[in-house]
Amino acid sequence: MEPTTAPNKPQFSPAAQAEIKRLLTHYPEDRSKSALLPILHIAQAEFGGWVSPEVQDLVAETLKIKPIEVYEVSSFYTQYNLKPVGKHVLEICRTGPCMLRGSDELTAHLERITGAKVGGTSPDGTFTLKEVECLAACGFAPIVQVREKYYEQLDTPEAVDAMLNELKGLVHRPILPWEETGLPNSLKNY
């Protein structure tokens, strides 16, 4: 019988650890849980765009809280991905103003052109489609958010195609503030 080895436990990069340490200085020591949301964002960026149970356990360990406290938060907010995602997560607003301006047609067009269904990833791993609640840009509907950028007035196939072409042209995702020396190893080819 071969000895079994435990899989490598995820660890934050030194740059992410420094950013987490900096964030924790904003809260009283006995209230470190207050940093949970931004640390989940760091974790998601560090580990391929999603937070696996192992990564959530790392966050819990970092904050000295119970893992269930992390699971509750990460499963509540749609901004955290609980399964692997494509290079670009397209968050499609599905609320009233966007629906009135064509978000259903937008979603159908995105499904046709990317090959992904809402909640899934395109066969080539480039795009994940996700419906979300209001993105607070009703005057520019329909809206898609990709990371920190809004793509507005996507009410024509040409506008949608221009967005997808721009995204396909990106070699890497944008560098995050704490990554002054470049991408963490886990995202070098993300």
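**View 1. The exposed face of helix H4 (residues 67-76) carries Ser75 and Phe76, on the side turned away from the buried one.** Everything here comes from a predicted model, where local features need pLDDT of at least 70, side-chain atom pairs count only at pLDDT 80 or more, and totals for chains, interfaces and linings use all residues. Residues are numbered from 1 along each chain as its sequence is written, and side-chain values use heavy atoms, with hydrogens and water left out. Helices (H or I, at least four residues) and strands (E, at least two) are DSSP runs, numbered from the N terminus. Exposed means over 50% relative accessible area, buried means under 20%, and partly exposed is in between (1.4 Å probe, protein chains only). On the covered side of H4, look for Glu69, Val70, Val73 and Ser74, the buried residues of this helix. These four sit on the same side of H4, because they cover an arc of only 120 degrees around the axis; the arc is that of the directions from the helix axis to the C-beta atoms. What do the buried residues of H4 pack against? Their partners are helix H2 (36-46) and helix H3 (53-63), with contact meaning heavy atoms within 4.5 Å.

**View 2. Two aromatic pairs turn up in the structure.** Rings of Phe, Tyr and Trp (its six-membered ring) pair if their centres lie within 6.5 Å; planes under 30 degrees apart count as stacked, over 60 as edge-to-face and the rest as tilted. Phe12 and Phe47 make a tilted pair, since their ring centres are 5.8 Å apart and their planes are at 55 degrees. Phe12 lies in the segment before helix H1 (14-24) and Phe47 in the loop between H2 and H3, so this pair ties together parts that are 35 residues apart in sequence. Phe12 is buried at 6% relative accessibility, and Phe47 is buried too, at 19%. The rings of Phe76 and Tyr77 have centres 4.9 Å apart and planes at 90 degrees, so that pair is edge-to-face. Phe76 counts as exposed at 60% relative accessibility, while Tyr77, at 34%, is partly exposed.

**View 3. Strand E1 (residues 88-93) is mostly covered, with six of its six residues buried.** His88, Leu90 and Ile92 point one way from E1, Val89, Glu91 and Cys93 point the other way, and all are buried. How does E1 run relative to E2, parallel or antiparallel? E1 and E2 are parallel and joined by six bridges; strands pair if DSSP finds at least two bridges between them. For a landmark, find Val89, whose bridge partner in E2 is Thr128. E1 and E3 run antiparallel, with two bridges joining them, and Glu91 stands opposite Gln145 in E3.

**View 4. Four cysteines, Cys93, Cys98, Cys134 and Cys138, carry the UniProt feature "binding site" (unreviewed entry).** They are spread over 46 residues of sequence, yet they cluster in space, with a largest C-alpha distance of 9.4 Å. The UniProt positions follow the numbering used here, feature names are shortened, and annotations may be inferred rather than shown by experiment. Cys98 sits in helix H5 (residues 96-100) and is buried, with a relative accessible area of 3%. Leaving aside neighbours within four places in sequence, Cys98 is in contact with Cys93, Ser103, Ala141, Pro142 and Ile143. Cys138 belongs to the loop between strand E2 (127-132) and strand E3 (144-146) and is partly exposed at 37% relative accessibility. The disulfide count for the structure is zero.

View 5. Most residues other than glycine have a negative phi, and most peptide bonds are trans. Pro142 lies in the loop between E2 and E3. In that loop you will also find Ala136, where phi is near 60 degrees, a positive value in a residue other than glycine. Ala136 is exposed, with a relative accessible area of 68%. Lys64 has a positive phi as well, near 60 degrees, and is placed in the loop between H3 and H4. Lys64 is exposed at 74% relative accessible area.

Notes
Disulfide = S-S within 2.5 Å.
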